[in-house]
Amino acid sequence: MTPVATPGDTPAEADDVRRGFAWLRRDEGWPRGEGAARLGIAVLIALAAVALKVLIVRGFGGELGYLSYVGAVAVGAWIAGLRGGLLTTAICAIAEVVLFAELFPAAQVVSTSELFRVALFLFDGVLVSAITSGLRRATHRERLARAEAEANLAEGVIAQRTADADRLALQRLQAVTASLASAATPEEVADAILDRGLAALDADAGGVSRVDADGRALTLIAARGYPADESRPGRAYPIDPASHLEEAVRTARPVFVADPVDWASRYPATPPHMLPGSPTGGAIAVLPMVVAGGVVGVIVFRFAEARDFGDGTGDLAARLADQGAQALDRSMVYEQERATREALERGQKRLRFLSEASDRLALRLEIASGLDEVTSLAVPDLADWAIIELLDLDRPILALAADGDDRVGAVEHLAQVAPRGVGSWLAPEMADQGAALVSIDSSWFERLTDPRGVDALARLGTRALLVAQIVGESGDPVGSIVLGAERRDRFEDDDLAMCRDLASRIGVAAGQARLFGAVDRFKATVDASGDAVYMFDPTTLGVVYVNRGGADLIGLEADAVLGSSVLQLQPAHEVDGFRARLATLRTGPTASTVFTGVLIRSDGREIPVEAFLQEVVLPGAHRTAILTARDVSDRIDVQARLTRIAGDERRQAAELRAVIQAMGEGILVADHAGRISLANDAVAEILGEVPEGLSDLDAIVGADVLLARDGASGAEPGEPQTSLLADGRWVEISTYPADLGSGLLEGANPSTIVVVRDVTQAREAEAAREAFLGVLSHELRTPVTTIFGYAKVLRKSGSRPDREAMLADIEIEADRLYRIVEDLLALSRVEGGIAIEGEPLLIQHIVSSVVASEAQRWDGLRFETDLPAGLPPVFGERTYVEQVLRNMVANAGKYSPKGTVVTVSGASTPTEVLITVLDRGPGFKPDEAERLFDLYYRSPGTARSVAGAGIGLYVGRGLITAMGGRIWARRRSGGGSEFGFSLPRCDEDPIGGPSGSRP
């Protein structure tokens, strides 16, 4: 059977088909071996024909002629062509003449007739040979044509498959290229290579690694299909000698291992199981990623089965590696640039932090406030929480900060449970190098014997600590800095240097704070003195220090006194005496002297003083003179000053009384015995009378004011008590004890301040709000419950006879819910101060629409309209006008008994158009006409019989007022109510435009 190429044939199989039919393409001449064999067959066929004839003649004795010869000639010609047929003919003819003449003389072969028959046979043999060889050649050509067609078909199918495979490979490479184009990091590049490469190569596992700088190891970037312990990113693999990895990196060429046998022959020293990613039974491809002649990474693909990489897989893998190399190199450059940039930014950030921390420490006179600002700077930029502790000052200072309220509480708890020296407690190892970077794990927690500290750190979720020791001027530790973070990689080695630097700056600031503290204490001590102190150089007489009392005494600022001569502080007639005292002080037996003198103020006034002059030797053998002066003019002016103070007190008392009288709240002042000594006018307005004592106030308001004053009621000072007066009003009473401070005069007793407030309106508003919320919740719950219940019933399968009724109820309740929400939205706008831009409206159209809509909702009622023809247009917002009118008509329908008529009428005046809604409902009391428009108010006569929220009329008044109209409610004679509103007219002016006043 002729082999036929199929679409599944490979190019090699197609070549086999063509080689199988190659002999069909040859001419009649065959190669030497093949032609001789075919002629030999023809000879054998001729001899067989001769033998057959001999057997026939002997067996049957008859003469069959040349029939066996003709068949042999035909077969010989078919097998060996024309030459085979002629050879067979010749052999048969010779055998007939020679053989039969000897074996069968009686046959008379040599007779003329027999010779003619031989000649005729020769002619027939030639003819049969020619015909048979021609048929054979025609058959040969037909088979050749068919074979050519089948071979061409196989080549076309194979070419199509090759084109499809190339196109698929191109598409996969394009997909890889697209993925690599957007990859910015080595991890993204590795993911793109593996995600696309595994599918493109039909691989079972793969990994991408980068080559380390020394070229001796690979660092895994990403892997797919390997065990978890082998596919962890960042794992390092050594490049063993005589291995597939070493060959790929050394030669910078792909390494393809077809199967384990191939592996064993190429890498006998490194069995597959010793190399991560080695196949256990299949093929492996190792693809170096080469850039500029150097290997930057390696791609490894693993196949579960043996693989012939000559089928195009190797070329595809190599092209994939080329693309991946460029992307990986680019991402590594970006990564290096990013790392450099981040390191630079990190360094700049820490420099800025140190700079700002130094500024905060230098700008704050109190180091505690400076440390608070430093911790606030450190969180959250440098750490999640921070603690700075200073122990060697007058009082220990603890500054802390944390990112988030929860962490603040946890850090405060940690600071409370930690012993003094929190840094040494958390990181004892910092004492060796002055700073320590601690990674917290379970073994670290075992060092903390205090479980409270363990709990505090566990609450913080801290995984890394950065601790630095603060060293004082003496070189001894005076405190510590502790920075904590949840991430272990939050701190780096360079942060240790930054933390040491910060600790050093805090140590310097602490030393300066101690010096400043000493100076401040000295200055505070001297400034607190009532005496004037002047420190001056005894040689130059220049003033080097003056306290506040000294500057105030002469009426100058301290800066103006510094540097001037001490003689300028004295009048001219005192200068010589002062010089003499100073000279005596230097040579006399004592180092100080006391005298009475005069100092001169900047305004020229002389002040008598008692003076104390002395010389002291400061550290460094520097002599300094000190003049201490006390103003004795106060003794003279004491009486005048007391008189002035008494006048000021009287003036302040008068001012206080005026303020108390002007207050709208009632103010009562009671002495220790409970007698009222002062009451403003508001007390009488609120209580109706002014009580004489606190006991009378208790009787009026029904509260225990005396107990509240004495603290027996348990109420804190100022805590209000609320009471209900006999006339139904609510008052709030607050008591405040008058604090006279320590050092009371003998017999003096503190007073009690009582504040009385009328809180009736606030209580009523609160009660109305609570009632509204209750009613509103009921109003919302009813329609929602109905809609929800009927909706669940209607969702069930099967037809229901009451379906239409349910849908009608849902529609009614939905409309009810819509109206409530609409009123609430309008309420929020009204209370927020709504501003409405009006437009011309035809109110009659709105009336007709609203009445027609509401008439369908109320069975048993008749709705009528009474609108005169030609009602002028009005200014207003259609939506709000319709909402107000719909509320009024709905109220009329809600409160009207069945069988009655609700009438909506209209009228116009020169300035406005009036709309009224008339019903025959229960009506309301005359004194309720205005209150009906208050928020949450509902008439007591109808509140229980009909549901409602008490906001519709309030909203309506706000909307109508905002549109420039007015709204009202009246009782109707004969029963019922009238609700109405008006809007400004919008008339046509002579030129055709609207005119009229707009709101």
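**Ala-248 and other sites in the chain**

Reader: In which helix is Ala-248 found?

Author: Ala-248 is found in helix 6. Helices here are DSSP runs of H or I with at least four residues, strands are runs of E with at least two, and both are numbered from the N terminus. This is a predicted model, in which local features need pLDDT of at least 70 and side-chain atom pairs count only at pLDDT 80 or more, while totals for chains, interfaces and linings use all residues. Residues are numbered from 1 along each chain as its sequence is written, and side-chain values use heavy atoms, with hydrogens and water left out.

Reader: Is Ala-248 buried or exposed?

Author: Ala-248 is buried, because its relative accessible area is 0%. Buried means under 20% relative accessible area, exposed means over 50%, and partly exposed lies in between (1.4 Å probe, protein chains only).

Reader: Which residues does Ala-248 touch?

Author: Leaving aside residues up to four places away in sequence, Ala-248 touches Arg-253, Val-255, Val-286, Pro-288 and Val-295. A contact means heavy atoms within 4.5 Å. Pro-288 is 40 residues from Ala-248 along the chain, and their C-alpha atoms are separated by 5.8 Å.

Reader: Which other residues of helix 6 are buried?

Author: In helix 6, residues 244-251, the buried residues are His-244, Leu-245, Glu-246, Ala-248 and Val-249. These buried residues pack against strand 2 (217-224), strand 4 (255-257), helix 7 (260-266), strand 5 (284-291) and strand 6 (294-302).

Reader: What follows helix 6?

Author: Helix 6 is followed by Ala-252, which lies in the loop between helix 6 and strand 4. The phi of Ala-252 is near 60°, a positive value in a residue other than glycine. Ala-252 counts as partly exposed because its relative accessibility is 26%.

Reader: And what is the phi of Leu-541?

Author: Leu-541 has a positive phi of about 65°, although Leu-541 is not a glycine. Its place is in the loop between strand 12 (532-536) and strand 13 (543-546). Leu-541 is buried, because its relative accessible area is 10%.

Reader: Another backbone matter: which residues does a cis peptide bond join?

Author: The cis peptide bond joins Val-379 and Pro-380, with omega at about 5°. Pro-380 sits in the loop between helix 9 (367-378) and strand 7 (385-390).

Reader: Changing topic, where does Ser-129 lie?

Author: Ser-129 lies in helix 4, residues 112-181. Ser-129 counts as buried because its relative accessibility is 0%.

Reader: What lies 3.5 Å from a polar atom of its side chain?

Author: The backbone nitrogen of Leu-86 lies 3.5 Å from a polar atom of the Ser-129 side chain. Ser-129 also touches Val-73, Ala-77, Leu-82, Gly-85 and Thr-89, among others, not counting residues up to four places away in sequence.

Reader: How many residues does the largest nonpolar core have?

Author: The largest nonpolar core has 41 residues, and those with the most contacts inside it are Ile-843, Leu-885 and Phe-981. Such a core is a set of buried Ala, Val, Leu, Ile, Met, Phe, Trp, Tyr and Cys residues joined through side-chain atoms within 4.5 Å. Elements that each supply at least two residues of this core include helix 25 (843-855), helix 26 (878-895) and strand 28 (977-984). Helix 26 gives the largest share of this core, 7 residues.

Reader: What does Phe-981 touch?

Author: Among the residues that Phe-981 touches are Val-881, Leu-885, Met-888, Ile-915, Ile-960 and Trp-968, not counting residues up to four places away in sequence. A second, separate core of 38 residues includes Ala-386, Ala-464, Leu-502 and Ala-510.

Reader: How many cavities of 30 Å³ or more does the structure hold?

Author: The structure holds 2 cavities of 30 Å³ or more. A cavity is a set of points, on a 1 Å grid over the protein atoms alone, where a 1.4 Å probe fits but cannot get out, and its lining residues have an atom within 4 Å of a point. Grid points are joined across faces, edges and corners, and a volume is the space filled by probe spheres set on the points. The second largest cavity has a volume of about 60 Å³.

Reader: Which residues line the second largest cavity?

Author: Its lining includes Gln-570, Glu-574, Phe-578, Phe-595, Val-609 and Leu-627. Strand 14 provides the largest share of this lining, 4 residues.

Reader: Finally, how much of the chain counts as buried?

Author: Of the 999 residues of the chain, 41% count as buried. The secondary structure of the chain comes to 27 helices and 30 strands.

Definitions and conventions: 1 Å grid on protein atoms, 1.4 Å probe; cavity = no way out; pocket = protein on both sides within 12 Å on 5 of 7 lines; lining within 4 Å. Polar contact = N/O pair within 3.5 Å; in protein donor to acceptor, adjacent residues only side chain to side chain.
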